[in-house]
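Take a moment with the model below. We will walk through its main features one by one.

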Amino acid sequence: MNQCKSEHVAVNTARYKRWVTGILMPGALLALTMLVQGITPWWQVPLWEYALLFLLGSYYVTSLQRVETGMIAGITLLEEPVLEVTAGWYFVPRFLMEIDWMPAHTLQDQFPGNPEQISKRDDNLGLLPNEFRPIRAMTAPGKPEDGDDPLNTRLALEVIFAVRWKVKPGGFFDVYVKIPGRRWEDKVVNIRQHMRDTGETELIEEISERSPFRVNADMHLLNDQLKEELQTAVGDWGIEIEEARMQAPDFPHSVNTSLADISTALAQRKVTETKAHAEKQRQILVSEGESAAIINLAEARKRESIARGEGRKEEAELTGISGEQLYAGEIAIKTVGEGDLILGEPGIAQALGIGGFVLKRAKDAAP
């Protein structure tokens with residue numbers, strides 16, 4: 001027999017033992033008396049002894065109560081808590097003592113209700129049986145430091161949270177005495193209502209200080225605060241909160257559609273910006289390429305001019321004429337035409353004269 005002692009409500013276990021001893025004593029004495037009389041023929045034993053033994057035996061047998069695995073129970077004597085027990089068989093004298101059960105395992109509830117129990121209709125249409133209104137919380141406006149995230153704005157959120165909880169070992173009579181209701185079925189309704197009200201108040205208060213973007217970012221912190229608040233609210237009732245968590249906020253359909261449009265617009269803007277940046281880079285590269293080509297061409301012409309000058313110098317040294325006369329000859333050839341035939345010294349002189357004239361004009365035109 002495992003016995004537990006409540007942390008808050010006094011449990012008078014000694015009184016339970018005294019009463020059980022007093023109730024079992026007559027049966028034990030009667031059985032002992034009949035045992036001593038065992039050598040006496042049965043028909044000589046008074047009939048009342050058999051009747052009394054039958055009545056006491058029936059009372060004792062029907063007073064045995066079983067606590068199933070996964071349950072905890074409390075025994076009261078005339079409404080006074082006298083014993084808290086776990087799974088097993090216990091003597092609970094009829095008409096004097098009562099036993100009540102509660103689950104020892106962890107329970108899980110979702111608030112304001114399961115998805116199919118949350119009303120999606122207009123509030124002015126009322127609620128159907130076993131239907132709950134959604135928990136609505138208005139967020140704070142967005143903050144500049146959170147950037148241009150689509151959720152960085154003010155919205156009305158529909159919130160759902162789940163709680164895993166159980167009756168603490170030794171907490172049976174805290175629940176039994178402090179929570180209204182005669183049976184567990186009545187008490188659990190009050191427990192769940194209190195947890196719902198506490199959780200709703202806490203989440204509305206916390207969400208009102210955050211933008212939707214910040215609500216998502218602080219989800220872990222919100223869950224810790226929710227668990228702490230619930231434990232404070234029901235801890236004195238003998239209830240232990242194992243876990244409390246808020247599910248991802250549910251946005252109305254119109255908001256989801258708007259967010260999808262915003263996301264699409266942002267994506268398109270990013271694509272446009274990327275294309276513009278790529279085109280800008282392409283133009284820069286083309287411009288740089290054209291500039292480099294012009295510079296390279298000028299450099300090539302410069303080198304070509306230098307090479308020609310050096311070639312004329314070498315040619316002039318070999319022929320014994322000045323570089324100016326040689327250059328005039330080249331001009332004359334280009335002017336007259338490489339395919340034209342110039343006969344005799346007069347023709348040559350004439351061609352050289354033309355070349356010299358072009359060369360002189362070029363020098364005069366030079367700055």
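**The pocket and its surroundings**

The largest pocket has a volume of about 270 Å³. A pocket here is an open set of points on a 1 Å grid over the protein atoms alone, where a 1.4 Å probe fits and protein lies on both sides within 12 Å along at least five of seven lines. Its volume is the space filled by probe spheres set on the points, which are joined across faces, edges and corners. This is a predicted model, where local features need pLDDT of at least 70, side-chain atom pairs count only at pLDDT 80 or more, and totals for chains, interfaces and linings use all residues. Residues are numbered from 1 along each chain as its sequence is written, and side-chain values use heavy atoms, without hydrogens and water.

Which residues line the largest pocket? Among them are Asp-109, Phe-111, Pro-112, Phe-132, Val-189 and Arg-192; a lining residue has an atom within 4 Å of a point. β7 (107-111) and α4 each give two or more residues to this lining. The largest share, four residues, comes from α4. Helices (H or I, at least four residues) and strands (E, at least two) are DSSP runs, numbered from the N terminus.

Stay with Pro-112. A cis peptide bond joins Phe-111 and Pro-112, with omega at about 10 degrees. Pro-112 sits in the loop between β7 and β8.

The structure holds 17 of them, each a side-chain nitrogen of Lys or Arg within 4 Å of a carboxyl oxygen of Asp or Glu. One joins Glu-158 and Arg-136, whose closest N and O atoms are 3.9 Å apart. Glu-158 lies in strand β9 (residues 156-159) and Arg-136 in strand β8 (residues 135-138), so this pair ties together parts 22 residues apart in sequence.

One more loop deserves a look. Leu-78 is not a glycine, yet has a positive phi of about 50 degrees. Leu-78 lies between β3 (71-77) and β4 (80-85).
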